[in-house]
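Hello,

Here is the structure I promised to pass on.

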2 protein chains.
Amino acid sequence: MNLKQLSNILGISQTTVSRALNGYPEVSEKTRALVLAAAKKHNYMPNTKAQALATGKSKMIGFVLPLSSQHEILNPIFGDFLAGAAQTYKQEGYDTNLALTDNETQAETYRDMHAKGSVDGVIVQAPRENDERVAILKELGLPFVVHGRATGSNDYHYVDVNNTHAFINATNFLLDLGHKRIALINGNEELDFAIRRNHGYTQALKDRDIDIDHSIMFNSEMTEHFGYETTLKLLALENPPTAAVVSSYALAIGVRRALGESGLRIGKDFSVVIHDDDLSYLRNGEAQPVFTATRSSIRHAGQLCAKVLLDVIKNPSQPPQQVILEAQLIVGSSTGPAPT
Amino acid sequence: MNLKQLSNILGISQTTVSRALNGYPEVSEKTRALVLAAAKKHNYMPNTKAQALATGKSKMIGFVLPLSSQHEILNPIFGDFLAGAAQTYKQEGYDTNLALTDNETQAETYRDMHAKGSVDGVIVQAPRENDERVAILKELGLPFVVHGRATGSNDYHYVDVNNTHAFINATNFLLDLGHKRIALINGNEELDFAIRRNHGYTQALKDRDIDIDHSIMFNSEMTEHFGYETTLKLLALENPPTAAVVSSYALAIGVRRALGESGLRIGKDFSVVIHDDDLSYLRNGEAQPVFTATRSSIRHAGQLCAKVLLDVIKNPSQPPQQVILEAQLIVGSSTGPAPT
DNA sequence: TGAAATATCCAAAGCGCTTTGAAAAGAATT
DNA sequence: AATTCTTTTCAAAGCGCTTTGGATATTTCA
């Protein structure tokens, strides 16, 4: 069933049917009702391709998924973020288009998407220092918003968590419990959020005149395995830390495993504060949090990103919208006073 | 840059340019080379919408994500599956279209996608008993393949793991270690795979003349929390089991937490065999598996589903392609002889 | 009642591509 | 050299929609 057929059935021109469907005022309420009823009856829906071609808007938002760096992106974070974002798009009639690439051709993918006219806007994930994607998207004039921040320029739209502040808080929380030697287990240090978390951690220590010990600061892929291995290393030190700030729930699972195998009780012999993205699948407890954490819902971030992007699509030449979310400190059972 | 502009630049008709680009034989190699060079130079890519409209093929595969049932779908499994599938599509020039819906209108969403002409085929996830989606898609004539199986009819394309066999193996492994009382912690019992796993488990017990005790069989959402709670319940029984077969890694993390808090050593005091989807993000160990598991890569399943779907799109009226994958039993450190 | 204003509708063009059917050019055959 | 057969190219139609500009019907006002 297409427009032509529907208008034939109704004995009305395509123009009028189209207008009736799209809510234009120059059509009487009587015929509009007729049209709407017929459309529903015959289950008519406008062909999106034809619509896109005629209007010049594709009504699609693009996501680019890098394939090679599996751990960083292809993770539960992505799913939750996407769910939040897509949900928001949907309300405005936008669809979601996924494009996979290897890391090298990622920027190229944005260029292609634009050339092919398949999206009206895109979201940039996991920005790095001076991320080239930002430059390219600006050059193309394709609306975009960054989830996170790309250190370097600052004139673009983004939604980010205040990572620095979150990790200052996390570290302070442990310091207040009397911990003096606190490790950091963090994400890959090319990524902006990891850099900021490193900063927050060191900042908090400096503020209490505690020397930074780089041998208990770790940056890598945020896997369970890395959390596990790192914790074993830490415990094997001659002067092991009594606590750690850990950048994700997945890492923390590895930390807990290592502690368990070493016979240490979490929250008693060793304290852990994590950053909790509040993933719907991997919840940090239900009513009661398990790990003490700085929590910030990634799904909510997805919703905000989407909202901003839709706004930017509507009105492209507006000043940068920059949203900073504050993580909330929640206390679980993974922290306790420093052992004496 | 569009076809018209490009052909103007070249001084060649649109027809010839289009043919040159699409590899048709009725164009000389000389002009083809010219066209290709110019296209690359001006970064020309055909507008997908126009192409789709002209050809009647959208070159898009649809995924429907139910929103309300967060745990079951919006999880790492989905990400990995999608990555595998999308990777395969991409090789054939297909894009991925994501549609979110609440659970109730899920079938409706497939209908809409088809009416709007936005996809050439779809994948059905997490089938239930006599899943209505299968019926609808057949009625629409929209190519589809099911990931998993929808008990009931059997004349459709699917890719599935041999869940029954996997759980027979898992249970037997524990039985061989001398465990007599083995719990089952499994997914929601409306889902086909959970039903089959239940069958496999009971089958193995029956084969050894062990009575089925429904009070140590659990079906629900496969969350860490459910794993944790269930294990605490099991340990509180007057006659607690000495082992469990667990349907996912996430569940098993909860099981391990409960064991740890109860002072039980996993693989010594209590054995656990899991089903491991080999997720790229949540790996069950690296070189050495942590949990003893029946492993079957969900990403691989995604690739296979995609391959089948592309094949079906090309040749819609073929006999059902039905792929059954066998899970591989891998031995980790979560299992040991039954305590005496 | 007639002119002006307004409300309703429609025919046709155009979005950027593919593809048919025909024409032009070149090669092969007599 | 004239004819036939291939190869190469092109003009134009069509995919299903939106939208412009104009036509027709209806209402309003003098």
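This is a predicted model: local features need pLDDT of at least 70, side-chain atom pairs count only at pLDDT 80 or more; totals for chains, interfaces and linings use all residues.

Residues are numbered from 1 along each chain as its sequence is written, chains are lettered from A and ligands numbered from 1 in the order in which they are written, and side-chain values use heavy atoms, without hydrogens and water.

Chain A has an open, mixed sheet of six strands, in the order β7-β6-β8-β9-β10-β12. Strands are DSSP runs of E of at least two residues, and helices runs of H or I of at least four, numbered from the N terminus; two strands pair if DSSP finds at least two bridges between them. At the edges are β7 (217-219) and β12 (328-330) of chain A. Within the sheet, β6 (182-186) and β8 (243-246) of chain A pair in the parallel sense over four bridges, with Ile182(A) opposite Ala243(A).

Now the two chains together. Chain B and chain A each bring 52 residues to the contact (heavy atoms within 4.5 Å). Two salt bridges link them (a side-chain nitrogen of Lys or Arg within 4 Å of a carboxyl oxygen of Asp or Glu). In one of them, Glu224(B) and Arg256(A) have their closest N and O atoms 3.7 Å apart. Strand β2 (95-101) of chain A also pairs with β2(B), antiparallel over three bridges; there, Thr96(A) has Leu98(B) as its bridge partner.

Best wishes
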